[in-house]
Amino acid sequence: MSEAEAGTEDVQCTEIVYRALKRGWAPGESIPAEAFIRKVKRPDPDSEPRVEEAVSLSRQKYATARECRCKLRKMRGAASLHVGRVRGLPLHLDVHPDPDRNADGAVVGPDHCSLVNLPDPVNDTFSAEAAASQLIRVARFVTPEQEEQEHQARRPDSGAASD
Amino acid sequence: MSTAVANPMPYYYSANVISSDIEPSDLDTEIATQTSSASSDKWFERRDWSVAPVMHDSDSFLAFLNEILTFNSEDDEDQITDNALGIALFTTKRAYAQRPNSWRRPRIATDGGGGVRLTWRAGEKEIRAVFPADMRRPHYLYIEEGDTPLPLINNFTSITLWDKLAWLAGFH
């Protein structure tokens, strides 16, 4: 039996996943709802809106919060989610492995996974907003100190903190 | 000697930073009476809007204006479209003009597709005003208190927004 490629195995309920945020952590602030709402894309002004299928997350077993945040430009923070708590919400949400692959199909980003079954924000706006609220309640901001601490512990050779 | 007339035009003309193409007509209330699910939009159907605002809390509002108008310069890939910006400003300016002391500066974000999301939070209360880029989709207010969401308000007007901001501020 061949060994599964890293990142293709099922996401366990005990795992932690990260969501990159455009807003950094500040005391007393709540996580923004848009972090857990599927993006509505519109390639041009006359085209029909296209809703992304899922929300991207990073698996802690493969990436630190900082690595999750730094994968995309302009991300200022990250939130953590316990997969078991996400699955425990009465929303039928799930987290599926969805590793990034190169043109040859080889896994290059084993940390990437997808939060699926989120309501469609165009056709079911209320449910999409309400689901985001429930996710906010089980998510936690990763503070700058926590991010630094985790990164230094898991990537001791990576050098000083960077943005 | 001529006497200078200080700003004879209504507020939304004189202080119009963005929406020079939007007429200060009854469009807002007309749309509301036809489409809004908020009862407050029906009650104030004939309200006169051409009232100059008292500029209490003006710093907060000006900071909001500055932030939203410069938002697109921050990130090339995360832009607010003119459509969404126009209606968001049209609505918030009128809401502010109606009740400046209820105004709070919202958090500004996009929906990832050119729309704009404004979020106000106070304690357990949260208001999300969402203005999609696609004009075929309604703009809406999502409101919750604690774990309890209230019914979504589609095509809300500035009247409803200030009513909800007053609720957020604890005026009722």
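Let's start with B:Asn155, which is partly exposed, because 18 other C-beta atoms lie within 10 Å. On the cut-offs: a residue is buried if 20 or more other C-beta atoms lie within 10 Å of its own, exposed if 12 or fewer, and partly exposed in between, with C-beta atoms placed from the backbone. B:Asn155 sits in the loop between β6 (153–154) and α6 of chain B. Its phi is near 50°, a positive value in a residue other than glycine. Most residues other than glycine have a negative phi.

A word on what you are looking at. This is a predicted model, where local features need pLDDT of at least 70 and side-chain atom pairs count only at pLDDT 80 or more, while totals for chains, interfaces and linings use all residues. Residues are numbered from 1 along each chain as its sequence is written, and chains are lettered from A and ligands numbered from 1 in the order in which they are written.

Chain A has a residue with positive phi too: A:His92, with phi near 60°. You'll find A:His92 in the loop between α2 and β6 (94–97) of chain A. A:His92 counts as exposed, because it has 10 C-beta neighbours inside 10 Å.

Back to chain B for the overall layout. Chain B has six helices and six strands; helices (H or I, at least four residues) and strands (E, at least two) are DSSP runs, numbered from the N terminus. The order from the N terminus is α-α-α-α-α-β-β-β-β-β-β-α. Of the 172 residues in chain B, 38% are buried.

Now, how do α5(B) and α6(B) meet? Helix α5 (residues 82–98) and helix α6 (residues 158–168) of chain B pack at an angle of about 55°, with axes 8 Å apart. Axes here are lines fitted to C-alpha atoms, for helices over the stretch in contact, and angles run from 0 to 180 degrees between N-to-C directions. That angle makes α5(B) oblique to α6(B): under 35 degrees is roughly parallel, over 145 roughly antiparallel, 65 to 115 roughly perpendicular, and the rest oblique. The contact is made by B:Thr91, B:Arg94, B:Ala95 and B:Gln98 of α5(B), with B:Ser158, B:Leu161, B:Trp162 and B:Leu165 of α6(B). Two residues are in contact if their C-beta atoms, placed from the backbone, lie within 7 Å. By class, this helix contact has four nonpolar, three polar and one charged residues. Nonpolar covers Ala, Val, Leu, Ile, Met, Phe, Trp, Tyr, Cys and Pro, charged covers Asp, Glu, Lys and Arg, and the others, Gly among them, are polar.

Next, the two chains together. Chain B gives 22 residues to the contact and chain A gives 17 residues. On the side of chain B that touches chain A, the elements giving two or more residues are β1 (107–110), β2 (116–122) and β4 (140–145) of chain B. That side has seven nonpolar, five polar and ten charged residues.

Finally, which residues have the most contacts inside the largest nonpolar core? They are A:Tyr18, A:Phe36, A:Ala78, A:Ala79 and A:Val95, in a core of 33 residues. A nonpolar core is a set of buried Ala, Val, Leu, Ile, Met, Phe, Trp, Tyr and Cys residues joined through C-beta atoms within 7 Å. The largest share of this core, five residues, comes from α3(A). Apart from it lies another core, of 31 residues, including B:Ile68 and B:Val116.
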